[in-house]
Amino acid sequence: MNPIRKQFDAQPEFPFSLNYRDRKTAQLELPHHLHDWHELVYVHSGIGSFFIDRTIYEMRRGDLFIIPGSTIHKAFPDKDDPVTSTAVFFSPDLVRQSSLGESFSYLHCFDSSSLNRAYKLECPAALETQLEDKLAAMHSELTLQTSGFRHSIVLSIQYLLLLIHRGQNAGVNHYHGPFAGPNWMRQILLYIDDHYCEQIGLRSLSRLASVSSAHFSRVFKQLTGMSVTEYITAKRVIRAKELLLRTGDSVSSIALACGFDSMPHFHRKFKQIVGHTPSHYRHNSTTR
């Protein structure tokens, strides 16, 4: 199975979704998935692990995960003490505004996460309280839907992002703690990051990790929620999306640059993961 495109019920004029205080179990948690919206995940209680991009994090109370759009991720709640969390999803367009003469941006925390390839913040108690208050306020507005509730939610998201930004400036930094998995797995994920557009696969990677192919495949799937082939394909498609928007290169040259061996294969995988053909994605994204 390829990474799932998470479906949102939101209307186009209000690209926002909230899963408030969901108790996660292995049965209810989504498989590995991708979406273009940004996502914040705050952990209220419980424990588990969270695979994001190329890192496996531990999850526990007070953790905040900052996940930019088009980032592979999957949570693994603990069987005996499953995570209860709130997830906020929104399009970046929802909170964009003029600079007002400052360098501040509401999307700074997502830009920082992408730049540093670090997606977890461990919140101090004061920030925990503020985040929980804002999440509860958004849930209340979404439930009651009184006049102006959408504007109120946007203001709450903006304030939430402002709190995170100020927390980072005050020393609440991105978490760079231990990798929650075997060392060879971390090295392999870093290696794939540098070589996913090349012809690499299970056999060559398992040799590099000095473990059997069967053991490699089992541990990789257990820790990431996907096979090696699915993961590499998703990485290639994400890169193709970037090139389609940032360059004027032809679709065929982008497919080749991203490691796809044929155009039919590229089109099929791109549409499975993104939901549109490469040409449709480029046209729709550049004309919005």
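## Strand 9 and its neighbours

Strand 2 (residues 16–23) runs antiparallel to strand 9 and pairs with it over six bridges, where pairing requires that DSSP find at least two bridges between the strands. Within this pairing, N19 stands opposite A87 of strand 9. Strand 4 (residues 38–45) also pairs with strand 9 in the antiparallel sense, over seven bridges, and V43 has S85 as its bridge partner in strand 9. Strands (E, at least two residues) and helices (H or I, at least four) are DSSP runs numbered from the N terminus.

This is a predicted model, in which local features need pLDDT of at least 70 and side-chain atom pairs count only at pLDDT 80 or more, while totals for chains, interfaces and linings use all residues. Residues are numbered from 1 along each chain as its sequence is written, and side-chain values use heavy atoms, with hydrogens and water left out.

## Burial of strand 9

Seven of the seven residues of strand 9 are buried, so the strand is largely enclosed by the rest of the structure; buried means under 20% relative accessible area, exposed over 50%, and partly exposed in between, for a 1.4 Å probe and protein chains only. In a regular strand the side chains alternate between the two faces of the sheet. Here T84, T86, V88 and F90 point one way, whereas S85, A87 and F89 point the other way.

## Aromatic pairs

The structure holds 13 aromatic pairs, counted when the ring centres of Phe, Tyr or Trp (its six-membered ring) lie within 6.5 Å, with planes under 30 degrees apart called stacked, over 60 edge-to-face and the rest tilted. F90 and F110 form an edge-to-face pair, 5.8 Å centre to centre with 75 degrees between the planes. This pair links distant parts of the chain, since F90 lies in strand 9 (residues 84–90) and F110 in helix 1 (residues 108–116), 20 residues apart. F90 has a relative accessible area of 0%, and F110 one of 1%.

The rings of F216 and F220, by contrast, have centres 5.9 Å apart and planes at 15 degrees, so this pair is stacked. F216 and F220 are four residues apart in helix 6 (residues 213–224), and therefore separated by about one helical turn. Ring pairs link F216 and F220 with F51, W184 and Y231 into a cluster.

## D193 in helix 4

D193 is found in helix 4 (residues 183–195) and is buried, with a relative accessible area of 12%. Not counting residues up to four places away in sequence, D193 touches R54, R117, Y231 and K235, contact meaning heavy atoms within 4.5 Å.
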